[in-house]
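Hi,

Here is the structure I promised to send you. Have a look at it first, then read my notes below.

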Amino acid sequence: MLRYLGGRLVQAVVIVAIVATITFALIHLAPGDPFSGVMDNPNVNERVRTTLRAQYGLDRPLPEQFVRYFGLLARGDLGWSFSHDRPVTEVLATTLPNTLLLMAIALTGSFALGILIALVQVARRGSTTDHALSAISLFFFSIPDFWLAILALLAFTYWLPLFPVGGTVDAVTHDYMGLGERIVDRLRHLALPALTLTVLASPGVARYQRAALLDVLPADYIRTARLKGLTEREILRRHALRNALLPIISLLGLSFPALLTGAFFIEKIFSWPGMGLAVITAIGSRDYNLVMGGVILGSIMVTAGSLLADLLYAWADPRIRAR
Amino acid sequence: MAPLNRTRLLCAMLLCACVGTEPQSGKSLGGTLVISTGSNPDILVPALLSSVQAAQIVDLVYDRLANIGDSLNILNDAGFTPRLADGWTWGRDSLTIAFHIDPRAKWHDGAPVRSNDVRFTFQSTTDSTLGSGTAALISNIDSVTTPDSATAVFWFHARSPQQFYDATFQMPIIPEHIWKGVPPASWRGSEAARHPIGSGQYRFVRWIPGAVVELAADTANYRGSPKLSRVIWSIAPDFNTAVTRFLSGETDFFEALRLENLPEVARHPELKTKKYRGLGYIFAQFNLRDPVNHSRPHPIFGNRDLRRALTMATDRVTLVRSVYDSLAIPALGPTVRAYPTTDPNLAQIPFDLARARQLLDSLGWRDANGDGIRERNGRPLQFSLIVPNSSRPRVSVAVLLQEQLRQAGVKVDVEQLDFPVLIERERKRAFDAAIGQWNTQPSPGSIRGTWGTAGSRASSGSNYSSYENPIFDANVDSALSSFNPAARKAYFTRAYETIIQDAPAIWLAEPLPTVGYHSRLQLAPLRSDAYWAHIPDWWIPADKRIPRDNAPTSIVPAESAGKKTP
């Protein structure tokens, strides 16, 4: 197991290094630099731009910048964020917990909701409920993330003002609230983006889980369970679901990139100050180091998710472990 | 005292009492202004900031020596009002101005404002290691000396009509005792930059990046307490989210409504809108040099008559009305109506499609093959028009312009670009035509860089069209060096008319920035260059305040605890 884990870790490091290299090349080859947009001012002369570029080492040849960046990276330094005027690690340390919170809730919620939908569908397979849930799932599965997010924002904050409009807390009054009010305030702000992300991710889980359940239902042990006189609900819950959960573990690993991408859009629309929002803004302002830091962290999260799924799979399925 | 006189005295006393108490009760300190904004401030250091959001905060936290008047006059000191300086004296040769610092002025940490703060501000701003864009704007200032702690003397290289403006408008004064220990090259990332200490009527409370910036009234300020006890910027990086916050009542003020927002605002009787004259203008500029070989004229736009024909073919009134409705008016030229030096009756190239077609015919551009596009020597009259994809109105302008020019037999390919890409293309002069916008300062002097020969020839110049005309340059120079307001305006008029007739661009629109605000908020006049300039005079009547107005400003928010909050 340790050997397997070691091998996967080496793979993960290689993947992250490749992703970082490609991102470094792409972002530096894109037109403009961190001082292009903000310095589009007729009163700012070339000397100022030159000074700033020199201060941040952007006047050096690209290979030198590459070596310098990866040298810093090897020491755990992600560099300086030009747009936030503070170290990238500080920016990510502030924003990453918000993204992780959103992803964790959405991951838990979408898997719970998806599995529940699949159970209902399989229990009533072929019925109107099954078809309706399939159609609804397909609808939400096909809908673009940003569009649903905008619609949810308008519907539940403006037309039907149940939730606040974006942010993690009420920025105006939160710090003046008591502890209980603060918790409620935080939950109210979390609800809509988390729900939106959950709704977006759960159809995939539902369809995957439904297919997995249908695969195991003809199995001998299910037939035996039926012959033992168990109810359909008990069969599904105690026998079919447990065996059909195995493929879902794979989906867990695959969900990380999708959820991370989805969270980026959700953060933008709901002004959720997470890593995605920071990286999207950084791309626009050519904040090289923050983009790099975000991508590296994102790739670590994705490879870690994949590794976690593999480990869970191996833990859950003795046949994999044996191999 | 006669009875009649006593009655008069009584009436006078009652009147005084009424006049004295009404504003006291109605405009008493209190209320929270929450501004919905779509961007994070970049940096809260006056010499380094580049975003409008940062300018708003800095202007309220820091004071200048004197403040420009609402008329935006920049000639000598007319219209300027005392701020940190309670008076000033011009030197006999006008090469010096001695500012006397108001002895009551204090920094928000309690230290007195002294003349050495003024000297330090100048020295640090011009320090090359700081990398401040302001340094170039105050290049006429040679030095600042401090004969005593209450007097700062500015020494100028040359007499200039706007030397007072240079010394005051460009430099909010910063405290030496806070900044002197920080090397200028490290200012951007310094703790002092995140927790600014100024002398303005609002003091800094907190800044949570991407979420909120909060200022609180400096009730002991030497200029008196502002009327609102708190000003908060609620930051939503998405425009629609920022607008929704305003419409839903989460915020009181939105600084830049778009046309599509107006019907929604109108549905809310408690919300109001207000337009003001801004300092920006939008144009479609032509590259007069060949994008491939800059030493040659552009194969299409090198010809002045062709550019005039394209301007003639553009119905600017319809275009502006279609895109902006009432939120913009046709531009006059490379200037704005808010400048006292702008003649609003500048002669224009009129819209005349028939004449435009004739002119193009006469230049040899004819539609020989009947495909609707003119050609000359086998080359179609076709060019690309680049536009930033971040600006929906400008994309709409580009599309309408494309259609209008199509009617004259010109094919325009609209290219929507990411903003940094667009800027890069413009800097490298690698474009045919571009939809641009300049937001100017109270001084019209930036026109030298944007349309003058100097801005064309310098590698970093902002005259992306590469327009060069010595008559235009001479008139601009004469205008900027003239002390006579009438002569100054006359020179500018000649310069503007020259460039309008040369048509290096189609002068399209002058936006009228439109703010939205809650009716409980009582605004003061919105200044063209900075609507926020009079925020200290805005107020909310006591009977119209809501719970968030009454948050205790004496309490330091938890997120700021432990930081260097004054």
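Buried residues account for 48% of the 566 residues in chain B. Keep in mind as you read that this is a predicted model.

Staying with chain B, its C-alpha atoms fill a box of roughly 95 × 65 × 60 Å along the principal axes. Of the contacts in chain B between residues at least 6 apart in sequence, 67% join residues at least 24 apart.

Now for the pieces: chain B contains 18 helices and 21 strands. In chain B, 7 of the strands make an open sheet with mixed pairing, in the order 8-9-10-1-11-21-12. Its edges are strand 8 (202-208) and strand 12 (271-275) of chain B, each pairing on one side only.

Further in, strand 1 (residues 32-37) and strand 10 (residues 230-235) of chain B run parallel, paired over 6 bridges. If you want to find one of them on screen, look for B:Leu33, whose bridge partner in strand 10 of chain B is B:Val231. Helix 8 (residues 239-247) of chain B packs on this sheet and touches strands 1, 10, 11 and 21 of chain B. The direction of helix 8 makes about 150° with that of strand 1 of chain B.

Over in chain A, helix 3 (residues 62-74) has 13 residues and reaches 18 Å from its first C-alpha to its last, close to the expected 18 Å. After helix 3 of chain A comes A:Gly76, with a positive phi near 85°.

Cheers

Methods: Residues are numbered from 1 along each chain as its sequence is written. Chains are lettered from A and ligands numbered from 1 in the order in which they are written. This is a predicted model: local features need pLDDT of at least 70, side-chain atom pairs count only at pLDDT 80 or more; totals for chains, interfaces and linings use all residues. Helices (H or I, at least four residues) and strands (E, at least two) are DSSP runs, numbered from the N terminus. The expected span of a helix is 1.5 Å times one less than its number of residues. Two strands pair if DSSP finds at least two bridges between them. Two residues are in contact if their C-beta atoms, placed from the backbone, lie within 7 Å. Axes are lines fitted to C-alpha atoms, for helices over the stretch in contact, and angles run from 0 to 180 degrees between N-to-C directions. A residue is buried if 20 or more other C-beta atoms lie within 10 Å of its own, exposed if 12 or fewer, and partly exposed in between; C-beta atoms are placed from the backbone.
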